[in-house]
Amino acid sequence: MTTRWLFGDQLGPHFVDDHQGPVLMIESRAVFARRRFHRAKAHLVLSAMRHRAAELGDRVSYHRADTYGEVVGTLDDVEVVHPTSYAAVGLVERLGVRVLPPRGFATSREDFTPWVEGRGGRRLLMEDFYREARRRHGVLMDGADPAGGQWNFDHDNRKPPPKGASSLGVTAPWWPDEDEIDAQVREDLDRWERDGEVSFIGRDRPRRFAATRTEALAALDHFVEHRLPDFGAHEDAILEGDPWMAHSLLSVPLNLGLLDPLEVVARAEAAYLAGDAPIASVEGFVRQVIGWRDYVWHLYWHQGQAYRRGNALAARQRMPQWFAELDSKATDARCLSHTLDQVAEHGWVHHIPRLMVLGSFAMQRGWAPTQVTDWFHRAFVDGYDWVMVPNIVGMSQHADGGVMATKPYTSGGAYINTMSDHCGPCRFNPKVRVGENACPFTAGYWWFLDRNRDQLSGNQRMSRAVQGLDRLKDLEALVAQEEERGNRAP
């Protein structure tokens, strides 16, 4: 009888709903021994796997082993749903495991390939991909037209935080209650660390994210009912006292395979149709789930294994220890310090701190994209290889030379000052680029442009910024200042 092997990110019912036979799950401690993951991420993944095994009961054969091969090699007939990384695909192929088509995404490879071929060599724009997905699945459609009269309400969803507010004032996210499985996971992780077998970054607080199908559905229902209506307008804003804002946190159970993206967007669409959530919020959320998430998944496979090594800007500096270890006390830059502390605490911050604080700083400093990608993978609870390679190499570090994004996503301190409440209490001034009070992002932005002038001068979206270098009377002093600072914490 065929055994269905489930990886730790294939934990929802849609990974076994067509299989009545035995199930195999393998918990490999060696995965955590090889690389230093966030402690909360290790806890979450082990908790989710053990909870799933408990649900499957006698159907599952659950093994704790150093390697996958020592278990799979003892079985005759094993199949697996297409894994989510090149490394895992290579592993199952070497072990002779039969690979089924991927699951857990709205757009299949059979649909993506013709879409690419139909582009005729034009750029694979996410917006075009997203609109096609909406049409194919009939999501937020009014006949042949988009609901609300337009495809994209992004211009309505870029508002800064409300003036003087410490939070958005929306209902808090749904949080799970830990149980005896979580207690055993924490005890095991503590013992492995004491024995010197593994080492982690970050802190392991009470589990914040869904680890079971039941918990994931509860988190989805709570978000749609209480938080989705407020999601859109301020989704790009940052408030120190409100780390969750109106974000769904559903990337975590989605990437564990506990939710299917089409059921998630159906739930959000139903709220719009019932008049319980505005179109701008629902459209923005749907765009994240079946637009951006699926787009990243398909680009990961379409671009091939070499994509991860892209380094179009020739960035080769090593990520410094203070950043890699999430040492928030190492820097006086309030946006960096606060964001690193939030990652240490939760293994999560939303997309703007990821892109415009952490990622932007890494690109300005010229850190090697492979190191930045690896760090994001290990430090975030929703980080997987397929997620982080396109997001970091393509979107965050512009290391693919513009395959994914038409311009580097970086800015001076003015953007952070507009979109957050970080700058007011900070000792650095976002308007100052040279001197003791010079904002590391403002100075870093111009330093980055100066270093990459030749590569960026031909970019239509960057040409005016590059030309602005010639108007800076203090450019020479700025460059000397930033070269002297280098990788030291500001």
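Which helix does Val89 lie in? I found Val89 in helix H4. I'm keeping in mind that this is a predicted model.

**Entry 1: Val89**

I checked exposure next. Val89 has 13% relative accessibility, and the cut-off for buried is under 20%, so Val89 counts as buried. Leaving out residues up to four places away in sequence, I see Val89 touching His82, Pro83 and Trp301. I also took a distance to Glu132, 43 residues apart from Val89 along the chain: the two C-alpha atoms are separated by 28 Å.

**Entry 2: the second largest pocket**

Sorting the lining by class, I have 21 nonpolar, nine polar and ten charged residues.

**Entry 3: helix H13**

I wanted to see if the length of H13 made sense. H13 has 13 residues (334–346), which at 1.5 Å a residue should span 18 Å, and its end C-alpha atoms are 18 Å apart, so the two agree.

How many of the residues of H13 are buried? Ten of the 13 are, so H13 is largely enclosed by the rest of the structure. Among the buried ones I noted Cys335, Leu336, His338, Leu340, Val343 and His346. The buried residues of H13 pack against several helices, including H2 (39–56), H14 (351–365), H15 (369–379) and H18 (440–451). After H13 comes Gly347, with a positive phi near 70 degrees.

**Entry 4: nonpolar cores**

Which residues touch the most other members of the largest nonpolar core? I get Leu228, Phe323, Leu358 and Trp375, in a core of 116 residues. Helix H11 (residues 279–302) gives the largest share of this core, 13 residues. I followed up on Leu228: beyond its neighbours within four places in sequence, Leu228 contacts Phe223, Ala268, Ala271, Ala277, Ser281, Val282 and Phe285. There is also a second, separate core of 17 residues, with Ala443, Phe448, Ala465 and Val479 among them. For background, nonpolar side chains in soluble globular proteins tend to be buried together.

I flagged Leu140, which is not a glycine but has a positive phi near 50 degrees. Leu140 sits in the loop between helix H6 (126–137) and strand E6 (141–142). Its relative accessibility is 1%, so Leu140 counts as buried.

His398 went on the list too, with a positive phi of about 50 degrees although it is not a glycine. I placed His398 in the loop between H16 and H17. Is His398 buried or exposed? His398 is buried, at a relative accessible area of 4%.

**Entry 5: Cys423**

Last stop was Cys423, in the loop between H17 and H18. Cys423 has a relative accessible area of 14% and is buried. Not counting residues up to four places away in sequence, Cys423 touches Gly413, Ile416, Asn417, Phe428 and Pro430. I compared positions with Trp192, 231 residues apart from Cys423 along the chain, and their C-alpha atoms are separated by 41 Å.

Notes:
Residues are numbered from 1 along each chain as its sequence is written. This is a predicted model: local features need pLDDT of at least 70, side-chain atom pairs count only at pLDDT 80 or more; totals for chains, interfaces and linings use all residues. Side-chain values use heavy atoms; hydrogens and water are left out. Helices (H or I, at least four residues) and strands (E, at least two) are DSSP runs, numbered from the N terminus. The expected span of a helix is 1.5 Å times one less than its number of residues. Buried means under 20% relative accessible area, exposed over 50%, partly exposed in between (1.4 Å probe, protein chains only). Contact means heavy atoms within 4.5 Å. A nonpolar core is a set of buried Ala, Val, Leu, Ile, Met, Phe, Trp, Tyr and Cys residues joined through side-chain atoms within 4.5 Å. Ala, Val, Leu, Ile, Met, Phe, Trp, Tyr, Cys and Pro count as nonpolar, Asp, Glu, Lys and Arg as charged, and the others, Gly among them, as polar.
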